[in-house]
Amino acid sequence: MPDYDGLGPRPTTAGEVALWVPRVLLAPLYLPTEYLIRRPLGAAISAAERVDLPNTLYDFFAFGPDHKAGIVPVAFLDFGVYPSVGIYAFWDDAFFKGDSLRAHASIWTDDWLAASLAQRIVFHGKDSVQLKLLGVRRPDHAFYGIGPTTLQSAASRYGEDKLDGGVLLDLPWWRSSKIDLGAGVRSATFRNGHYGRDPGILQSVAAGVFPLPDGFAQGYTAEYNDLLVALDSRRPYPEEGSGVRVEAQAEQGNDFRQSPGSEWIHTSAGAGGFRDVNGYRRVLSLSALVMFSDPLGSQPVPFTELVTLGGDVPSPGAFPAPMSGFLPGRMVDRSGAVGTLRYMWPIGPWLDGSLKAEVGNVFGEHLQGFETKLLRFSGSFGIESDSSVDSSFEFLFGIGTETFEHGAQIDSLRLAIGVTRF
C-alpha cells in the first residue's frame with residue numbers, strides 16, 4: 001500500500017508477536033490441513049465454479065418452482081461400523097410458507113435400515129416447531145462394558161430396533177440464546193449383534209467380560225420430556241464469533257413396559273468461551289460439559305439411556321459431540337465430564353475446519369470415583385458443513401487413548417466421511 005499519510009509502516013504490536021507461539025506449536029497440524037486439504041479443496045471448488053458445476057448439480061437434483069424441492073443421494077462411511085447409502089429429500093414451503101419437510105432413508109443390508117421424516121414450521125420471527133419420526137434397525141452398535149476403565153479389547157456388538165417420535169418447540173431469543181421444549185415416545189429392543197470379528201454381546205457376557213447391561217433383555221418403551229435453556233452472547237452468522245455460552249438441559253423418561261418404578265432423568269450443564277481471533281469466524285473455544293443419568297424409581301436406567309461419550313453421539317445444545325476420537329458408545333456410565341479445546345475456521349463455501357483436543361471420561365453416580373488419572377484424551381481433525389440444521393457433511397479423523405493411569409496409549413483410531421446420519 002502507498003504511504004499516503006507519511007507515517008511509515010504500522011508498528012508491530014505485542015499481540016502480533018505473541019501469536020507466533022501458537023503458530024509454531026500448531027504448525028504440524030496447520031501445514032497438512034492448509035496445503036493438503038484447504039488449498040486443494042479451494043482449487044477444486046474454483047474449478048467447479050468455472051465450469052458451472054454447482055448450478056448443474058443443483059438443477060439436476062432440485063426441482064419444482066424456485067427449486068424448493070429435491071432428492072439427493074447420500075452415503076456415510078465410519079470405519080468400525082457398517083457404512084450406509086441412501087437418499088435425502090427436502091421440500092421447502094411444502095404446504096404453506098415456512099413449512100419444510102425433510103426425509104432421510106439409508107440402507108446397507110436387510111439388517112441395517114433407517115429412515116426419518118421431519119416437518120418444521122417456522123412462525124413469524126424465528127420460533128419454530130418440529131415434528132419428527134425416526135426408525136432405525138442395525139446390528140453393529142459397539143459395547144465395551146460400563147465404567148471408566150473399560151478396555152478396547154472388550155469390544156462387542158449388539159443390535160437395536162428403535163422407533164422415536166416427538167415434537168420440539170424451538171424459541172430463539174437474545175442473540176444465539178434459546179429455549180427448547182420437547183416431548184415424545186421412544187421404543188427400543190435389543191438383540192445379539194455382529195461386525196467384523198467382534199463377538200456378539202451375548203458371547204462376551206457368557207465369557208464373563210462384563211455382565212448383561214440393564215434393559216438389554218426386555219428393552220423399553222418410554223415417554224420423555226425435554227427442556228433446554230441456553231444463554232449465548234454470540235451474534236448469529238455472519239457476525240464475528242466471540243462470546244460466552246451457558247446452557248442446562250433435562251430430560252425425564254418413563255418406561256411404560258416396567259412402570260411403576262421405571263422413571264429416570266438426564267441432566268447436563270455446559271459452559272464455554274469463544275474467541276474470534278481475527279473477526280472472520282476463526283474461533284478458538286474452551287468448554288466444559290458435565291452429564292448425569294439418574295433413576296427416579298426402583299428400576300435401573302436402561303443402558304442406552306445412560307451417559308454416553310464417543311463418536312457422533314450428540315451433546316446438549318450447541319457444544320461439540322464429546323470425545324469424537326472414539327467410536328459411538330465407547331464409554332458408558334451414570335455420569336460424565338469432558339473439557340474441550342477447539343479451533344474452527346472457514347475453509348470454503350459452507351465448510352469449516354475443526355481441530356479438537358478433549359479430556360474426559362464417564363464415572364459413577366454424580367461423578368463418583370472421579371480421578372484425573374482416569375481421564376482419557378481424544379483428538380480430532382474434521383471438516384463439516386454449516387449450511388443446514390437438518391443434515392450436514394462431515395469428514396473426521398480422530399484418535400482416542402487409554403486412561404492416563406494406563407499410560408494414555410492410543411487405542412482408538414476413527415475415520416468417518418459422508419452425510420451425517422441417525
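This is a predicted model: local features need pLDDT of at least 70, side-chain atom pairs count only at pLDDT 80 or more; totals for chains, interfaces and linings use all residues.

Me: OK, how many bridges join E2 to E19, and which way do they run?

Reply: Strand E2 (residues 69–78) and strand E19 (residues 410–419) are joined by three bridges, and they run antiparallel.

Me: And what about E18 and E19, how many bridges there?

Reply: Nine bridges, with strand E18 (residues 393–401) pairing with E19 in the antiparallel sense. In E19, Leu413 has Ile399 standing opposite.

Me: Switching to rings. How many aromatic pairs does the structure hold?

Reply: There are 15 aromatic pairs. Among them is Phe190 with Tyr220: the ring centres are 6.4 Å apart and the planes sit at 40 degrees, so that pair is tilted.

Me: Why tilted, though?

Reply: Because planes under 30 degrees apart would count as stacked and over 60 as edge-to-face, and the planes of Phe190 and Tyr220 are at 40 degrees.

Me: Where do Phe190 and Tyr220 sit in the chain?

Reply: Phe190 is in strand E8 (residues 178–192) and Tyr220 is in strand E9 (residues 220–232). They're 30 residues apart, so the pair links distant parts of the chain.

Me: Which residues form an aromatic cluster with Phe190 and Tyr220?

Reply: Phe143, Tyr158, Phe210, Phe216, Trp264 and Phe303 form one cluster with Phe190 and Tyr220.

Me: Now the charges. Which ring does the charged end of Arg234 sit over?

Reply: The ring of Phe274, with the charged end of Arg234 3.8 Å from the ring centre.

Me: And Arg330, which ring is that one over?

Reply: Tyr144. The charged end of Arg330 is 4.4 Å from the centre of that ring.

Me: Last topic, Leu41. Where does Leu41 lie?

Reply: In helix H3 (residues 27–50). Leu41 counts as partly exposed because its relative accessibility is 25%.

Me: What is Leu41 in contact with, leaving aside neighbours within four places in sequence?

Reply: Ile347 and Leu351.

Me: How far apart are Leu41 and Ile347, in sequence and in space?

Reply: They're 306 residues apart in sequence, and 8.2 Å apart in space, C-alpha to C-alpha.

How values were computed
Residues are numbered from 1 along each chain as its sequence is written. Side-chain values use heavy atoms; hydrogens and water are left out. Rings of Phe, Tyr and Trp (its six-membered ring) pair if their centres lie within 6.5 Å; planes under 30 degrees apart count as stacked, over 60 as edge-to-face and the rest as tilted. Helices (H or I, at least four residues) and strands (E, at least two) are DSSP runs, numbered from the N terminus. A charge sits over a ring if NZ of Lys or CZ of Arg is within 6 Å of the ring centre and within 35 degrees of the ring normal. Buried means under 20% relative accessible area, exposed over 50%, partly exposed in between (1.4 Å probe, protein chains only). Contact means heavy atoms within 4.5 Å. Two strands pair if DSSP finds at least two bridges between them.
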